[in-house]
Amino acid sequence: MKFTIRQQILSLIGVNSVLIILVLCISYYGIINLNRAQDNFSYKARQLNYLLVAQNMRDNIRGLIYRGFSVDRSNENEVKDVKQEFKTQINAFISNIEQLVKVNETDSLVRNIYARSKEYAVFSTGLFAKEMDGDAESFIMIADFQELYSGLVLPMNIVNENIQQSYAALEEEGNATAKESLSGISIISLLSIIGSIAISILISNRIARRINQARDTLSQVSIGKLPERNDNTGDDEVGEMLKSLNNYLDSVNKTVQFAMEVGKGNLNAEYKALSEYDQLGRSLLDMRDNLKRVAVEDEKRNWVLNGMAGYVDISRKESSNIESFAEHVLSYLVKYLHANQAFFYTIEEREDREENEVLVLKAAYAWDKKRFRENEIMKGDGLAGQAWLEGSMLYMKDLPSDYIKITSGLGAAIPRNLVILPLKSNDVIYGLIEIASFEYMEKHVLNFLEKIAENIASTLANVQTADRTRRLLYQSQEQAEMLHAQEEEMRQSMEEMQATQEEMIRKEREYTLQISKLREDLKSHTRALERKEEQTEELELKDMMEHALRKQGERSSTVYIDRSPLA
């Protein structure tokens, strides 16, 4: 008949339980005897204790009686202390005598001691009171006190001796009982231990052989070695454990194969956890899912990086002209995003409008030119104007049926998605890109558009700055040429003015010389006419003066005509 490990262990427990119950019964009997002896021992100990304390108090009272004769009654503190001590000793004496009687009421000698003790206490109290009052009668009463004391000492000593003899007898009896109980318990315990050891060895040997099989298998598993299945399992608990271990080895082999496939990069390898408690299997599945997620994220990240790199090439090659730059950017984005249609607007100033800034269409991709499309958009007009006004990306999944259509040789269709992307850098909007597509745009695509929009805005700002700089340079060159021509004309004019001024100076000198000469001639004529008659001289002088003045007038008019060009 085969027994399972559980049945074998239960048999061992049953045998040990019987032996333990036997030991407990013997121990209980011994404990009862010990407790009975202990109670008797305690009873006698209390008697002896009360008696010894009473004897001590008796002697203390006698000492206080004799001490009272020598007390300095003028010292109130000393008298008070002696009275208090006497009262305490009397109370303690009576209390212990009463306790002694309670624990030994049947002993006639004890009752006799109790009566004598009461008499002793009363007489001692009266004697002590007279003694403290200084009554001479106290000296007479001392003889009677001594007689009472002596009559109390002998019975108390006899009771003391009897109690001590009973105490010794009980102590001897208790020791004998303890030895007897200890011997019985030791013998039964020894037999129980020997029987338990024999049965335990027998059962443990039967169990150990099966457990060693499991141990050897687990030892190989603990060092990473996967042993072969052991089909010789049996039907007991160890057999069940070996079956479970075989199942575990099968699962480990499957786990190893799964880990190898994942290590090779096959993230779609199939694996099923043993149960919801299979932490290793669930961890491997979580690892595979995390690797998948990381791979997808890496793919999206690389997609964004490649998109940014492609744009950098365009910005480096096509940043000299806004129109060319816009066309290449639209073409690149539409192809990279697998979109279908796109528009590129830049913000320009218009002095002939109320609002001096408008969105101007610079480039379009896959645009049906037969359909009307506004080339200029005001801020807040339509979806593009609203996106410009708000300064944030607008993504729509359901477009109005009349907003835009994507056409081909086979017909026209309404796109599913529309992205309006403000080109903003440092909180300044430089333009706007509008992209229409049949495909939904995922979050990483929208994030890519936001990133590239900032780079496009920066490039657009640089392109606009370069165009503005070129225009300013061209204007400055034209202004420089005009200034140079004006300087040349001014230089010629200054040269002409200088020549005219020199001519005027020369003529002025000639006129001065002529005037000086005329003045000398006038003086000579005047002196000549003075010799003539006064009237003749005056007439001639008048004619000469008129003639001279006429010439001078003509000369003055000539000089005025020469200076008019300078004015």
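## Aromatic pairs

Eight aromatic pairs are counted in this structure, where rings of Phe, Tyr and Trp (its six-membered ring) pair if their centres lie within 6.5 Å, planes under 30 degrees apart counting as stacked, over 60 as edge-to-face and the rest as tilted. Phe 93 and Tyr 120 form an edge-to-face pair, at 5.8 Å centre to centre and with 65° between the planes. Because Phe 93 lies in helix 2 and Tyr 120 in helix 3, this pair ties together parts that are 27 residues apart in sequence; helices are DSSP runs of H or I with at least four residues, numbered from the N terminus. Phe 93 is buried, with a relative accessible area of 0%, and Tyr 120 is buried with a relative accessible area of 0%, where buried means under 20%, exposed over 50% and partly exposed in between (1.4 Å probe, protein chains only).

Trp 303 and Tyr 336 form a stacked pair, at 4.8 Å centre to centre and with 25° between the planes. Trp 303 belongs to helix 6 (residues 279-317) and Tyr 336 to helix 7 (residues 322-337), so the pair ties together parts that are 33 residues apart in sequence. Tyr 336 is buried, with a relative accessible area of 18%, and Trp 303, Tyr 332, Tyr 336 and Phe 448 form one aromatic cluster.

## Basis of the model

This is a predicted model, in which local features need pLDDT of at least 70 and side-chain atom pairs count only at pLDDT 80 or more, while totals for chains, interfaces and linings use all residues. Residues are numbered from 1 along each chain as its sequence is written, and side-chain values use heavy atoms, with hydrogens and water left out.

Leaving aside residues up to four places away in sequence, Ile 65 touches Phe 86, Ser 124, Leu 127, Phe 128, Glu 131, Ile 142 and Phe 145, contact meaning heavy atoms within 4.5 Å.

Ile 13 lies in helix 1 and is partly exposed, with a relative accessible area of 44%.

Definitions and conventions
Helix = DSSP H or I, 4+ residues; strand = E, 2+ residues; numbered from the N terminus.
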